[in-house]
Amino acid sequence: MTESIKALVERRVAGKSLDAPFYTSDEVFDLDMKAIFAKHWIFVASEPEVAEPGDALVVNVGTASIIIVRDDEGEIRAFHNVCRHRGVRMIPEGATMIGNIVCPYHSWTYGLDGKLKFYEHMGEDFKPGCNSLKSVALRSIGGLLFICLSDNPPGDIDEMARVMERIWPPITCAKLVLPIRQT
Ligand code: FES
């Protein structure tokens, strides 16, 4: 933590609003990204939002763009939304349905398991197996989807899973169907 952020924290008065820089400073934003969003489990969606194979959702977590997708075997996966060729963001933010993940730039094509399936002009020593999409840690707890951008996700998610699954039955697609409103 830098001296200027320490000074901001020390100036904080209990029971009062935080100083404006807590909301507006780039330095505070960067610290927030590094200390919280890059290291901890973050809730991003619920299972019914990717109910069927090919259902995908692109969410922004801090400065990262993440693809949440249900693959052909029904497993939900998370990948960085970054093409391994030239780093392009491949799918815009929001919900969509896809058969593959296709980069709009030079059409590199990845399966829903993240494996590179199609590419061109890469030479004989190119290894497609080393160019899968970068996966992101994902856990479903009671139908709620959490991701962690760290390569070493903290284990506190296990305790949360124990507590939540004891008190909260899993959300299923059927439970998300809302009754038709009578007019
Ligand atoms: S940047 Fe994605 S295919 Fe070239």
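Is H121 buried or exposed? Select H121 to find out: this residue is exposed, with a relative accessible area of 78%, where buried means under 20%, exposed over 50% and partly exposed in between, using a 1.4 Å probe and protein chains only.

Before going on, note that this is a predicted model, in which local features need pLDDT of at least 70 and side-chain atom pairs count only at pLDDT 80 or more, while totals for chains, interfaces and linings use all residues. Residues are numbered from 1 along each chain as its sequence is written, and side-chain values use heavy atoms, with hydrogens and water left out.

Stay with H121, which lies in the loop between β8 (116-118) and β9 (137-141); strands are DSSP runs of E with at least two residues, helices are runs of H or I with at least four, and both are numbered from the N terminus. The phi of H121 is near 55°, a positive value in a residue other than glycine. Most residues other than glycine have a negative phi.

Next, select S107, in the loop between β6 (101-102) and β7 (109-110). S107 also has a positive phi, of about 65°, although it is not a glycine, and its relative accessible area of 34% makes it partly exposed.

Centre the view on M90, whose contacts (heavy atoms within 4.5 Å), not counting residues up to four places away in sequence, include I67, C83, I101, Y110 and L133.

Then move to A56 in strand β2, which counts as buried at 1% relative accessibility. With residues up to four places away in sequence again left out, A56 touches V50, I68, V69, G94, A95, T96 and I98. A56 and G99 are 43 residues apart in sequence, and their C-alpha atoms are 9.8 Å apart in space.

Finally, display the whole chain, which comes to five helices and ten strands. Its C-alpha atoms fill a box of roughly 60 × 55 × 40 Å along the principal axes, and buried residues make up 34% of the 183 residues.
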